[in-house]
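Me: I would like to go through the fold of this chain step by step, with the criteria behind each value spelled out.

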Amino acid sequence: VSLQAREREFVAPIGPSGCGKTTLLNLIAGLMEPDQGEIALRGDRQTERLGRIGYMPQRDGLLPWRRLLENVTLRPEVRRRDLPAVREQALALLPLFGLQGFERSYPHELSGGMRQRAALLRTLLCEQEVVLLDEPFGALDALTRRTMRDWLLGIWERFQRTMLLVTHDVDEALLLSDRIYVLTPRP
């Protein structure tokens with residue numbers, strides 16, 4: 001695989017199940033190391049990737065015992081950032097993410113779309129230049145999915161991050177992406 005994502009570009013690797021899309025994201029994020037080849041950030045192949053890239057996996061990963069605001073500020077909390085400032089930032093962004101009024105709600109009290117928006121807010125609060133999205137709308141119904149696609153475009157335009165979106169959905173890739181990479185089934 002040879003893939004490039006330029007600054008503030010929206011790129012979509014697409015392909016069938018089992019072709020390695022999620023593995024590719026895990027490699028880029030630094031959760032796995034390649035057996036061969038190289039991964040470069042801003043041209044630097046020696047840069048540590050783990051913790052330097054925002055990653056939203058297929059499942060929202062919200063902790064059931066934490067309220068929404070506590071969930072979206074978890075990573076900055078773990079990294080010992082100024083928690084009151086991060087919470088203030090998160091509260092200011094809740095309306096943009098359609099989550100205003102739900103900051104004290106537990107994950108089981110949220111719809112699937114709300115959980116996905118919370119997971120994306122948590123990912124963006126990490127303030128990484130590169131954001132990886134692994135099938136973020138895969139578990140949503142068709143109507144919610146369509147709404148979420150349009151919403152995600154607005155978020156991307158506002159936050160100006162480089163985004164890689166793994167999807168099986170060709171229409172989703174065409175709508176959202178500047179460039180698409182098509183992966184084939186395993187050789």
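The questions below move from the sheet to the chain as a whole.

This is a predicted model, in which local features need pLDDT of at least 70 and side-chain atom pairs count only at pLDDT 80 or more, while totals for chains, interfaces and linings use all residues. Residues are numbered from 1 along each chain as its sequence is written, and side-chain values use heavy atoms, with hydrogens and water left out.

Me: In what order do the five strands form the open sheet?
Reply: Strands are DSSP runs of E with at least two residues, and helices are runs of H or I with at least four, numbered from the N terminus. Two strands pair if DSSP finds at least two bridges between them. The pairing here is parallel, and the order is S2-S3-S4-S1-S5.

Me: What percentage of the residues of the protein chain count as buried?
Reply: A residue is buried when its relative accessible area is under 20%, exposed when over 50%, and partly exposed in between, using a 1.4 Å probe and protein chains only. Of the 187 residues of the protein chain, the buried share is 47%.

Me: What radius of gyration does the protein chain have?
Reply: The radius is taken over C-alpha atoms, and the globule rule is 2.2 Å times the number of residues to the power 0.38. For 187 residues, a compact globule would have a value near 16 Å, which agrees with that of the protein chain, 16 Å.

Me: How many helices and strands does the protein chain have?
Reply: From the N terminus on, the elements run β-α-β-α-α-α-α-β-α-β-α-β. The count is seven helices and five strands.
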